[in-house]
2 protein chains.
Amino acid sequence: MMVTLKMQTNKENLLSQGVQLLMQQGYHGTGLKEILDAVQIPKGSFYNYFPSKESYAAEVIQYYIAPFIEQLGSHLENSKLDGLTALKTYFDELIVELEQANFKGGCLLGNLMGEIGDTSDLCQQSLRLAVHQYRELLATGLRKAQMEGTVRIDKSADDMADLLVNTWQGALLRMKIEQSADPIKQCCHDLLDDYFSV
Amino acid sequence: MMVTLKMQTNKENLLSQGVQLLMQQGYHGTGLKEILDAVQIPKGSFYNYFPSKESYAAEVIQYYIAPFIEQLGSHLENSKLDGLTALKTYFDELIVELEQANFKGGCLLGNLMGEIGDTSDLCQQSLRLAVHQYRELLATGLRKAQMEGTVRIDKSADDMADLLVNTWQGALLRMKIEQSADPIKQCCHDLLDDYFSV
DNA sequence: AGTTAAGAAACGACCAGTCGTCTTGAGTGT
DNA sequence: ACACTCAAGACGACTGGTCGTTTCTTAACT
């Protein structure tokens, strides 16, 4: 009982630390030793928790996206906000967080899609799953906004959600090299305030 | 005289091979040995051509973007095509190339922005320069299209060029994990055929 | 008693980068 | 036109360190 509990917190620590390090340094740029040192777990123990670095990364991806799904979901369920406002509020929060992080890291999904999205099957699957979940939630919000009359209905919510996800990811890349929040702010403005709007 | 000529072709071979390998495997995922073996240059000679792997990558970035600038530029200078058609034609060509590559690699700029865009100063500078050149050329095309009356004038060509670059990059990431050309096709359609259009 | 995790040590392979030797060809003096 | 000089590129072995992974003994819990 105790042992499995300890194991679970160890595993969570590994995943949590993995989010930080993999996001900032990438997959190949981060060694297991660095992760293990940070959470004070000896190297030999790692393979009690994960079968390989690759499948560890695949789990980190899911661990990373869950809070974003939750955060966006709770905004959409907030009955005080209409769908479009909920989306805008959510992205505004993300922008603040990214500014506080001084534009370091960006998005783990975007970074890993570029680095290993087409070379690691395991991570590709995990990335696809994570992006699809996220995209689906955005589409739900856009559908709600369509019914509320604040978003155009001549484009499908699914297509707009894809466009929003992709533009956001591209804007995050730009943010990293410009060291500025302008690209991500522009992304939200162009799409949410203009293109999607009725 | 001969020696500098040989040096130049060696250097170009290194850059050309670097484009391929860095695009497909990333910066940290590609070892110098792998590059050097591919172009049959011994390890010790590498540092006669480049002071470090990092500055090599920075040069690879410029070597990579040049042909794209040239290709897009020649389309824009083609007097038979209006600006908007030139842009569409250019991106259609890119899509064909990416399909032929089976969606492997994507764009070196996007991949490196995500992986080392905020950790390597040298590469960040090089990436910024490359993206700015590219963005400026797209803006030129969009400005031309505005004057021809095929693109809306209530948004600045610069802003639209940024949006186009960013969305394209995000769509390339999606392409890599979906293993499909749909995201990049959708990107062109949404922006060039719809949002930018009058 | 039996199962499983913890943990240390070590595995071979590979990393970016360096060092000193070898080779080459341009420049100079004749 | 030829021989000599000498800097500069070519080159491969080697550096210390790190990579992901495995092995095996010890310890703890059921």
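This is a predicted model: local features need pLDDT of at least 70, side-chain atom pairs count only at pLDDT 80 or more; totals for chains, interfaces and linings use all residues.
**View 1. The protein surface around DNA strand C.**
Let's start with the DNA. Surrounding DNA strand C are 17 residues, and the closest of them are A:Tyr49, B:Leu32, B:Lys43, B:Tyr47 and B:Lys53.

**View 2. The helices beside the DNA.**
H3(A) gives the largest share, with 4 residues.

**View 3. Polar atoms that meet DNA strand C.**
On the phosphate side, an N or O atom in the side chain of B:Lys53 is 2.7 Å from a phosphate oxygen. B:Thr30 takes part through its backbone, with a polar atom 3.4 Å from a phosphate oxygen.

**View 4. Where chain B meets chain A.**
Now turn to the two protein chains, each of which brings 43 residues to the contact. In chain B, the residues that lose the most area to chain A are B:Asp118, B:Arg174 and B:Ile177, together 20% of what that side buries. The area buried between the chains is about 3,600 Å², and carbon and sulfur atoms give 52% of that.

How many salt bridges cross the interface of chain B and chain A? There are 10, and one of the salt bridges found in the model joins A:Lys155 to B:Asp194, with their closest N and O atoms 3.9 Å apart. On the side of chain B that touches chain A, two or more residues come from each of the helices H1 (2–25), H6 (108–116), H7, H8 (157–178) and H9 (182–195). H8(B) provides the largest share of that side, 14 residues. By class, the side holds 18 polar, 14 charged and 11 nonpolar residues.

**View 5. A closer look at B:Val131.**
Is B:Val131 buried or exposed? B:Val131 counts as buried because its relative accessible area is 3%, under the 20% cut-off. This residue sits in helix H7 of chain B, which spans residues 121–148. Beyond its neighbours within four places in sequence, B:Val131 is in contact with A:Arg174 and A:Ile177 from chain A, and with B:Leu109, B:Met113 and B:Val165 from chain B.

Notes
Residues are numbered from 1 along each chain as its sequence is written. Chains are lettered from A and ligands numbered from 1 in the order in which they are written. Side-chain values use heavy atoms; hydrogens and water are left out. A residue is near a molecule or strand if one of its heavy atoms lies within 4 Å of it. A polar contact is a pair of N or O atoms within 3.5 Å; within protein, one must be able to donate a hydrogen and the other to accept it, and residues adjacent in sequence count only if both atoms are side-chain atoms. Buried means under 20% relative accessible area, exposed over 50%, partly exposed in between (1.4 Å probe, protein chains only). Contact means heavy atoms within 4.5 Å. Buried area is the accessible area (1.4 Å probe) that two parts lose on being put together, summed over both. A salt bridge is a side-chain nitrogen of Lys or Arg within 4 Å of a carboxyl oxygen of Asp or Glu. Ala, Val, Leu, Ile, Met, Phe, Trp, Tyr, Cys and Pro count as nonpolar, Asp, Glu, Lys and Arg as charged, and the others, Gly among them, as polar.
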